[in-house]
Amino acid sequence: MKTTIFKSDQFQRNVWSGGTTVELFVFPPEASYARRDFRFRLSSATVESETSEFTALPGISRKLMLLSGNLTVHHEGHHSRILKKFEVDQFEGDWKTSSIGQCTDFNLMTSGNTRGNMSGMELQKGASHLVSPEPESDWQFVYVFSGNLDVLLPAGIVSLSAGDLLVNPQPEVIQINSTEKSELVLVQVRLSEKSPLVGS
C-alpha cells in the first residue's frame, strides 16, 4: 500500500447510543470492529448524550482525544479525568467506563502487541510543522479536524481539507503547511514489540 488520501465523503457514519461515529481506518483491511479482530482502528465520534456508557472491549487498549466540547471520563476502580482539548486519556477496553459531557473525540484502538501514539495541534494560517517518524513506527496518519493543509511528501504535495485522512504505511519526514487556521491529529502506530514508541 502506498500513501493514500481518504476524503471526508468516503467515510461511513454510524449511529450509536450516544451519538454518531466515523470509522476512519482499520488494519488489517479485512478486519472489522464487530468481530474485534483488528490490530488497530482509528475513528472519530460525536457524543450528543450528556451521559454515556462505553462499550466493553476486552483485549483492546484505547486512547481517546478530545477535539471539541467538554468531557469527563470515569473508569470505575481506576481513575477519572476531565479532558481538555487535544488531551489524551489512555485506558483498557474491559474497564467499566462512562462519560459526562457533549463533544467530538478521536479514538485509537489497538490489540495484541500493537502500540500507537497520537497528538493534536492547531496551526495558524501560513504556519508550518515538520513531522518526523518515531523509531520503529510502521504507520503514519494525518487527520484534519478543521481547516485546510498542504502536506509536502517526498513524492509531491497533497492537499487535505476538514475530515480528510492521510495514510502513510512507510513513515517519513513530512512538512505540513496550513493554508488557513487548522486543527489536526497526528498518529503513529507500531505493529510489534520492537522498542517502545515514545509515550507508550
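View 1. At 33% relative accessibility, Arg36 counts as partly exposed, where buried means under 20% relative accessible area, exposed over 50% and partly exposed in between (1.4 Å probe, protein chains only). The model is predicted: local features need pLDDT of at least 70, side-chain atom pairs count only at pLDDT 80 or more, and totals for chains, interfaces and linings use all residues. Residues are numbered from 1 along each chain as its sequence is written, and side-chain values use heavy atoms, with hydrogens and water left out. Arg36 is not a glycine, yet its phi is positive, about 60 degrees. Its place is the loop between β3 and β4; helices (H or I, at least four residues) and strands (E, at least two) are DSSP runs, numbered from the N terminus. The loop between β3 and β4 also holds Pro28, which a cis peptide bond joins to Phe27, with omega about 0 degrees.

**View 2. Glu136 in the loop between β13 and β14.** Glu136 lies in the loop between β13 (128-131) and β14. Phi of Glu136 is positive, near 70 degrees, in a residue other than glycine. With a relative accessible area of 38%, Glu136 is partly exposed.

**View 3. The largest nonpolar core.** A nonpolar core is a set of buried Ala, Val, Leu, Ile, Met, Phe, Trp, Tyr and Cys residues joined through side-chain atoms within 4.5 Å. The largest one has 22 residues, of which Phe25, Phe40, Phe106, Trp139, Phe141 and Val187 touch the most other members. Two or more residues each come from β3 (19-27), β4 (40-47), β6 (60-69), β11 (103-111), β14 (139-146), β17 (165-168) and β19 (182-190). The largest share, four residues, is that of β3.

**View 4. Contacts of Phe141.** Not counting residues up to four places away in sequence, Phe141 touches Phe25, Phe40, Leu42, Leu165, Leu166, Val167, Val185, Leu186, Val187 and Val189, contact meaning heavy atoms within 4.5 Å.

**View 5. Strand β6 and its partners.** Seven of the ten residues of β6 are buried, so β6 is largely enclosed by the rest of the structure. Nine bridges pair β6 with β11 in the antiparallel sense; two strands pair if DSSP finds at least two bridges between them. Arg62 has Met109 of β11 as its bridge partner. Strand β9 (residues 88-92) runs antiparallel to β6 and is joined to it by five bridges. In β9, Gln90 stands opposite Lys63.

**View 6. The largest pocket.** A pocket is found on a 1 Å grid over the protein atoms alone, as an open set of points where a 1.4 Å probe fits, with protein on both sides within 12 Å along at least five of seven lines; lining residues have an atom within 4 Å of a point. The largest pocket holds about 470 Å³ of space. Its lining has 23 residues, and Trp16, Thr21, Tyr33, Arg41 and Met109 are the closest to its centre. β4 gives the most to this lining, four residues. Ten of the lining residues are nonpolar, eight polar and five charged.

**View 7. The second largest pocket.** About 180 Å³ of space lies in the second largest pocket. Among its 14 lining residues, Arg13, Val22, Ser44, Thr46 and Tyr143 lie nearest its centre. Two or more lining residues each come from β3, β4 and β14, and β3 gives the most, with four.

Definitions and conventions: Points joined across faces, edges and corners; volume = space filled by probe spheres on them. Nonpolar A, V, L, I, M, F, W, Y, C, P; charged D, E, K, R; others polar.
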